[in-house]
Amino acid sequence: MLTNLVSSSRQAFSDDMKLLFLACLSPKTGNHTTAERIRSHIESAGHTCELRDAAAFQSPAEVAKLISRNPQFEGALAIHLFRAGRLLLDVQVPFGVIFGGTDINEDVKVEQKRVVMEQVLLKARFAVAFTDKLKEEAELFLLSQSSKIYVQPQGIQTEVSEKFCWTEFLRSSGVSSEHGDELRVFLLVCGLRRVKDPLYLVEVFSEWHCENPQIALVIIGPKIDPVFTAEVEAVVKRTPGVFLAQERSQRELHAAMKRCFAVVNSSVSEGMSAAILEAMDLGVPVLARDIAGNAAVVQHGFTGLLYSSPQEFVHQSERLLSDRELRERVVRNGKLYVEERHGLKQERETYQRLVDTLL
């Protein structure tokens, strides 16, 4: 958790600030949701926090020009050191950064990006990692002072739409209703881009569906990569038992998650999957690909189930279908884990204290 934060002799938040907050704001993505939540934490302390899409800027010079306007921004924040943090390299105000999974899982492998990330980290007043593992990786791959990186897991809050209709959701997704209450829907929640690897399970799941028609895999999420989205649509169209649902609002998505049999993650890399944590909070079992980001929040057989191949996914899913005690255990422990480690109160206090160091 947050440790060694330099205490201020002045009253915290005695001076209100105007902050610029840069993040990748593709609609209905985890990044967008996280950014909005952190922004609300900062504004609840009396500051003004203007959230902007990093994709709207071409260079650090553009951001420096924006910050120099009146009323002048007094500080800045960014989610993702390379995608957004690099845009703060020319600013003359103090700033903090928040690691994204792509930073450590992908961008550090590219020398040019790694050098830029080191420059951002060097200039930043503080950096936040969602997990201890992410902090360790950052310290290993980037030249940094350990004392500058704080660990704060994502805070989770779920809200279910009361107007959501499960039957209509299945119908609009193309799922047959012939099996009624016997139908078991596995919901793969992800933005349609390659790093989320939504096609990873498709072939094996379809084979399993042919043996057991009472199961279905529904992929749901925003269409982020148009080319890849077309590929996913084409594959799903010709694959029995696998369906693609239209993206929904956050409250409708949570309602769908609550009604499904299990929430699935198949990503190649993750920083911290909000969908996994939201499923736990909603009392839904999680089946997650065994990668570092997922293993940091899913304890196999205790708070969820991990798999390392499509075949193992089917095996673990069959365990979940047949073992009621296992299902009840992972649901109970997953809910407790989120309540204990991913509360909004701790997250809010952490960001408010960190922002105060920019004063």
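Predicted model: local features only at pLDDT ≥ 70, side-chain atom pairs only at ≥ 80, totals over all residues.

Colleague: How many helices and strands does the protein chain have?

Modeller: Helices (H or I, at least four residues) and strands (E, at least two) are DSSP runs, numbered from the N terminus. The protein chain has 14 helices and 12 strands. Its radius of gyration is 21 Å, close to the 21 Å that the globule rule gives for 359 residues, so the chain is as compact as a globular protein of that length. That radius is taken over C-alpha atoms, and the rule is 2.2 Å times the number of residues to the power 0.38. Along the principal axes, the C-alpha trace spans about 65 × 40 × 40 Å.

Colleague: What percentage of the residues count as buried?

Modeller: Buried means under 20% relative accessible area, exposed over 50%, and partly exposed in between (1.4 Å probe, protein chains only). Of the 359 residues, 54% count as buried.

Colleague: In what order do the strands of the open sheet lie?

Modeller: Two strands pair if DSSP finds at least two bridges between them. Here 6 strands form an open sheet with parallel pairing, in the order β9-β8-β7-β10-β11-β12. Its edge strands, β9 (242-245) and β12 (305-307), each pair on one side only. From one strand to the next the twist averages 25°; axes are lines fitted to C-alpha atoms, for helices over the stretch in contact, and angles run from 0 to 180 degrees between N-to-C directions. Strands β7 (residues 184-189) and β8 (residues 215-220) run parallel and are joined by 6 bridges, with Arg184 opposite Ile215 in β8.

Colleague: Which strands does helix α10 touch?

Modeller: Contact means heavy atoms within 4.5 Å. Helix α10 (residues 274-281) packs on the sheet and touches β7, β10 (262-265) and β11 (286-289), its direction making about 160° with that of β11. Helix α12 (residues 310-322) also packs on the sheet, touching β7, β8, β10, β11 and β12; its direction makes about 160° with that of β12.

Colleague: Which residues of helix α6 are buried?

Modeller: In α6 (residues 166-173), the buried residues are Trp166, Phe169, Leu170 and Ser173. Seen down the axis, they fall within an arc of 95°, so they line one face of the helix; the arc is that of the directions from the helix axis to the C-beta atoms. These buried residues pack against β7, β8, β9 and α9 (250-259). Thr167 and Arg171 are exposed on the other side of α6. Just after α6, Gly174 takes a positive phi of about 90°.

Colleague: Is Thr303 buried or exposed?

Modeller: Thr303 counts as buried, at 4% relative accessibility, and lies in the loop between α11 and β12. A polar atom of its side chain lies 2.8 Å from the backbone nitrogen of Gln299. Leaving aside neighbours within four places in sequence, the contacts of Thr303 include Met280, Val330 and Tyr337.

Colleague: Where does Ala295 lie?

Modeller: Ala295 lies in helix α11 (residues 292-295) and is partly exposed, with a relative accessible area of 38%. Beyond its neighbours within four places in sequence, Ala295 is in contact with Asp290 and Leu306. Ala295 and Leu306 are 11 residues apart in sequence and 7.6 Å apart in space, C-alpha to C-alpha.

Terms used:
Residues numbered from 1 in each chain as written. Heavy atoms only, no water. Polar contact = N/O pair within 3.5 Å; in protein donor to acceptor, adjacent residues only side chain to side chain.
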